[in-house]
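Q: Please take a close look at one part of this model: the helix packing. Which helices pack together, and which residues make the contacts?

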Amino acid sequence: MTRPKHDADTPTPPEVCFDEQAAVEYCEQVRWGDTPLCPHCQQADVYKMKDRETGTRNKRFLWRCRRCDKHYSVRWGTVLQGSGIQLSTWCRALWESSRAPHGLSPQQLSRCLGITHRSAKFVIERVTQMQIFAENERM
Ligand SMILES: [Zn+2]
């Protein structure tokens with residue numbers, strides 16, 4: 001078995017690949033721009049939930065809607081909904097797959113992200129779906 005070499009030519013992954021908050025904020029920006037509409041009622045009267053003790057963003061990066069009082073995150077209504085895998089891990093998987101023109105194997109991905117083989121298979125399936133959607137949108 002050959003292991004991928006890590007030499008000086010290997011680019012460092014961007015911050016969104018290892019910083020969860022950066023990954024979440026990036027995805028929020030991509031999805032909503034400056035208007036994070038509530039996916040339940042489509043109103044913009046929403047706010048970021050904060051951790052009561054630290055005053056920083058809630059650990060699950062939830063938003064709450066003042067109109068319908070429901071909460072949601074940027075994953076809501078996307079293929080990432082319901083997955084316990086961090087968004088930074090998804091970003092890293094997308095980044096790795098963009099550098100692997102022949103696709104990634106679950107073995108490679110599980111080693112590189114430190115996730116189980118089963119999670120890696122799941123991530124690859126979803127990443128492939130996302131790439132298919134992106135291709136279709138371009139057409
Ligand atoms: Zn709402």
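A: A residue counts as buried if 20 or more other C-beta atoms lie within 10 Å of its own. In this predicted model, 17% of the 139 residues of the protein count as buried.

Start with the overall layout. The protein has four helices and three strands. From the N terminus on, the order is α-β-β-β-α-α-α. Take contacts between residues at least 6 apart in sequence: 47% of them join residues at least 24 apart.

Now the helix packing. Helix H1 spans residues 20-32, and helix H2 spans residues 87-98. Their axes lie 8 Å apart, and the packing angle is about 75 degrees. Angles of 65 to 115 degrees count as roughly perpendicular, so H1 is roughly perpendicular to H2. On the H1 side, the contact uses Glu20, Ala23, Val24 and Cys27. They meet Leu87, Ser88 and Cys91 of H2. By class, this contact of H1 with H2 has five nonpolar residues, one polar and one charged.

H2 also packs with helix H3, residues 106-113. Here the angle is about 130 degrees, and the axes are 11 Å apart. That angle makes H2 oblique to H3. The crossing of H2 and H3 is right-handed. H2 brings Thr89, Arg92, Ala93 and Glu96 to the contact. H3 brings Leu109, Cys112 and Leu113. The residues of the contact of H2 with H3 divide into four nonpolar, one polar and two charged.

To recap, H2 packs with H1 at about 75 degrees and with H3 at about 130 degrees.

Conventions: Residues are numbered from 1 along each chain as its sequence is written. This is a predicted model: local features need pLDDT of at least 70, side-chain atom pairs count only at pLDDT 80 or more; totals for chains, interfaces and linings use all residues. Axes are lines fitted to C-alpha atoms, for helices over the stretch in contact, and angles run from 0 to 180 degrees between N-to-C directions. Helices (H or I, at least four residues) and strands (E, at least two) are DSSP runs, numbered from the N terminus. Angles under 35 degrees count as roughly parallel, over 145 as roughly antiparallel, 65 to 115 as roughly perpendicular and the rest as oblique. Two residues are in contact if their C-beta atoms, placed from the backbone, lie within 7 Å. Ala, Val, Leu, Ile, Met, Phe, Trp, Tyr, Cys and Pro count as nonpolar, Asp, Glu, Lys and Arg as charged, and the others, Gly among them, as polar. A crossing is left-handed if the near helix is turned anticlockwise from the far one by less than a right angle, and right-handed if clockwise. A residue is buried if 20 or more other C-beta atoms lie within 10 Å of its own, exposed if 12 or fewer, and partly exposed in between; C-beta atoms are placed from the backbone.
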